[in-house]
Amino acid sequence: MPTRTDQAATSAGRVVWADAAKGACIILVVLWHVIVKHYLRIDWRVDPPVPGAWGLLGEQLLPLRMPLFFTLSGIFAANAVARPWRVAGRPRIARNLYLYAIWLLVHTALLALAPGFPTDRATSLGDLLAQLTVTPSNLWYLYALALYFALAKALRRVHPAVLLVASGALSAVAATGLLDSPGNRGQVYQNLVFFLAGVHLRPYLQRWAAGATRRRLAATGAAYAVALAAMALAGAESRPGVWLLVSVVAVAFGVTAAARAARLRVVGGALARLGHRTLPIYVIHMPVLALLHRLLAGPVADLNRPARLLLVAGYPVLLTALVLALSLAVHRGLTAARAHWLFDLPRRAGTDHNREGETMSRSPAPALPDRARVEEAAWWLSGRVVRTPVLNSPAIDRLAGARILLKAENLQTGGSYKMRGAMLAVGRLAAAGHTGVVAQSTGNHAVAVALAARRHGLAATVVLPEDAAPVKVARARAAGARVVLAGTTVEERLAAARQLADADGHPLVDAYDHPDVVAGQGTASLELIEEAERAGIPLDALVVPVGGGGGVAGACLAAAGTPVEVYGVEPVGCDSLARSLAAGRPTPVVPAPTIADGLRPSCVGDLPFAIARDGVRDVVRVDDDAIAEAFRLLLLELKVLVEPSGAAGLAGALRLAGGPELGPSGGTEGGRPGRYRTVGVVLTGGNVEAELVARLAGGPVADPARMKGVAA
């Protein structure tokens, strides 16, 4: 019999752990620099050895700070390593090298104004050239990221065990001081292994974070303390492998601590927000600290004894907070002054066009939403949309060889998950004083916008293709919308919708390229992830059908920072997202005929692509036979009616869970062993013609050989 998971909400603690860990790392980096470059250089003249204690604490955190930072960087880069060079090279290699060079020049100029500040600096053209090439400066993290990613990409077909052993040996040798490592070159040698561990051990690290308990936190913390004490007592820091072993223990502790901290709403949220801003803090904080050193070192040392005694214990914490705040303030000032080129590669001319010169942009440069926006959307939509059930069928599980959890968005108001994005976008437009909206889609988004507009008392005009499913046309009209039929392609519908929007003076609610729409669609995936975790069966993968890409982009945001890997599903011949990921830019296709009419846009949206290119693990292509069989499985096993576009998600999940090339993680009864134990699927809609239901329901059911579909 079908079953439902518990629908109660759950903590999102494990979702934000990686960003929380990044936030903690940047705090520790700034604290260390405050201690060694400023605090310990002040003549405190106090009897308690407080300054020495701060210096000792900073040294004990050396095996934690950068190894954890690079492990996290590897986790975030894991998907990009599988992308083609032309796609991944610019954001991951060229961008970091560009930032390293730009900020090296900035630091060289600014630090020349503080000659007494103790940090690496180029004092001649030769020094500057060396720092640009083979002897990285105090900005070596950016230099290392570019190098590490290039190595990980070039060697991605080498077995991970070989890479980790080789890079571990390099780290062990570098820690002994046997290698020539002027400047920060030794740090580059020592931390490669942690970046590669993040890339290749990401699922294990994420599961470790997801299972963090107080007992594990205490155990890893004790192990770290014991390892540090043993290394210090034996004087073994420079012995081969000792520093590496202690750093591995430190990373295990750091991941556990971050996962626990992330579950604390105030602390976790603050650390995660800081984790999103590590780049500007990293590149700005050293000149800020140099300025503060010049301003404060003398006056602090000249304070009377009671004032120095009062200040000495908490001074590093206070100054660290001040440096963080000033660095973020400088960043805001620079971005307000449009100095974006200091924090990212300048945009290339012509990036809005493909090789044939066809304009690809559907909307003006939408801002990228993040996971916080999905969480905000979930809060706003609570009580305004249906919290749909999560279904499970033992028969489908046996066929898949994995547990399949199905989010029944076919039971949503309006018959599809599109209601979520439409309700959020239209609600905000209504609050802003608009009196009407215009939308275009193949059907479900238009129906959802019509219903949302009626709920908020707005007029709605929706543009549908001339061959739209009659049931979707009827539902849009029943919701009170004016329906306009225009052409058969998205370009034709968009042109008509824009003309109507201009004529009526109403905003266009794009089906894909709208931040509120993407965030709203993401709440379906967020609920599924939370409910699976609440039930004690957390997802390993999440599968979402792809039309214009709003749903899969929302899923990427909802899954950000979790162990969940997101997959898109497209019909054969309607695979714009798959082709776009391969090309590195939104790439149109001429859609092939398919029963999944909602998955036939000719091109994935610009905003969804910008999110999905780093968030989607892969795309699974399925044919109409696989979609039809998934439709019948849902109808007969779960007794739910899902349109073919929604059933495509189950077809893709069956293909994914049973794909032999994905590698076994253990045997499961009744199916091929699969990589994933629990796979979530968003059943995106249920608006289907009665005639098509009769035709699809009459075919054979669940032939495993035909359920394979077509591999991506």
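A residue counts as buried when its relative accessible area is under 20%, as exposed when that area is over 50%, and as partly exposed in between, using a 1.4 Å probe and protein chains only. The structure is a predicted model, so local features need pLDDT of at least 70 and side-chain atom pairs count only at pLDDT 80 or more, while totals for chains, interfaces and linings use all residues. Residues are numbered from 1 along each chain as its sequence is written, and side-chain values use heavy atoms, with hydrogens and water left out.

Back to Ala501, which sits in helix α21, residues 490–504. Helices here are DSSP runs of H or I with at least four residues, strands are runs of E with at least two, and both are numbered from the N terminus. Contact means heavy atoms within 4.5 Å. Setting aside neighbours within four places in sequence, Ala501 has Val438, His506 and Leu508 as its contacts. Asn79, on the other hand, is 422 residues away from Ala501 in sequence and 39 Å away in space, going from C-alpha to C-alpha.

Next come the strands. Two strands pair if DSSP finds at least two bridges between them. Strand β4 (residues 436–440) runs parallel to β5, and five bridges link the pair. Getting from β5 to β6, the chain passes through helix α20 (residues 470–478) in a right-handed β-α-β crossover. Right-handed means that, with the strands pointing away from the viewer, the path from the first strand over the helix to the second runs clockwise. β4, α19 and β5 form a right-handed β-α-β unit too. As for β5 itself (residues 459–464), five of its six residues are buried.

What about empty space inside? Rolling a probe the size of a water molecule over the atoms shows where empty space is left. A cavity is a set of points, on a 1 Å grid over the protein atoms alone, where a 1.4 Å probe fits but cannot get out, and its lining residues have an atom within 4 Å of a point. Grid points are joined across faces, edges and corners, and a volume is the space filled by probe spheres set on the points. Searching the whole structure turns up two cavities of 30 Å³ or more.

The largest cavity holds about 220 Å³. It is lined by 24 residues, and the closest to its centre are Tyr417, Lys418, Gly547, Gly598 and Leu599. Helices α19 (444–456) and α23 (550–559) each put at least two residues into this lining, with α23 giving the most, at three. Sorted by class, the lining has eight nonpolar, 13 polar and three charged residues. Here Ala, Val, Leu, Ile, Met, Phe, Trp, Tyr, Cys and Pro count as nonpolar, Asp, Glu, Lys and Arg as charged, and the others, Gly among them, as polar.

The second largest cavity has a volume of about 40 Å³. Among the residues lining it are Leu104, His107, Asp120 and Arg121. Helix α4 (residues 85–111) supplies the largest share of that lining, four residues.

Conventions: 1 Å grid on protein atoms, 1.4 Å probe; cavity = no way out; pocket = protein on both sides within 12 Å on 5 of 7 lines; lining within 4 Å.
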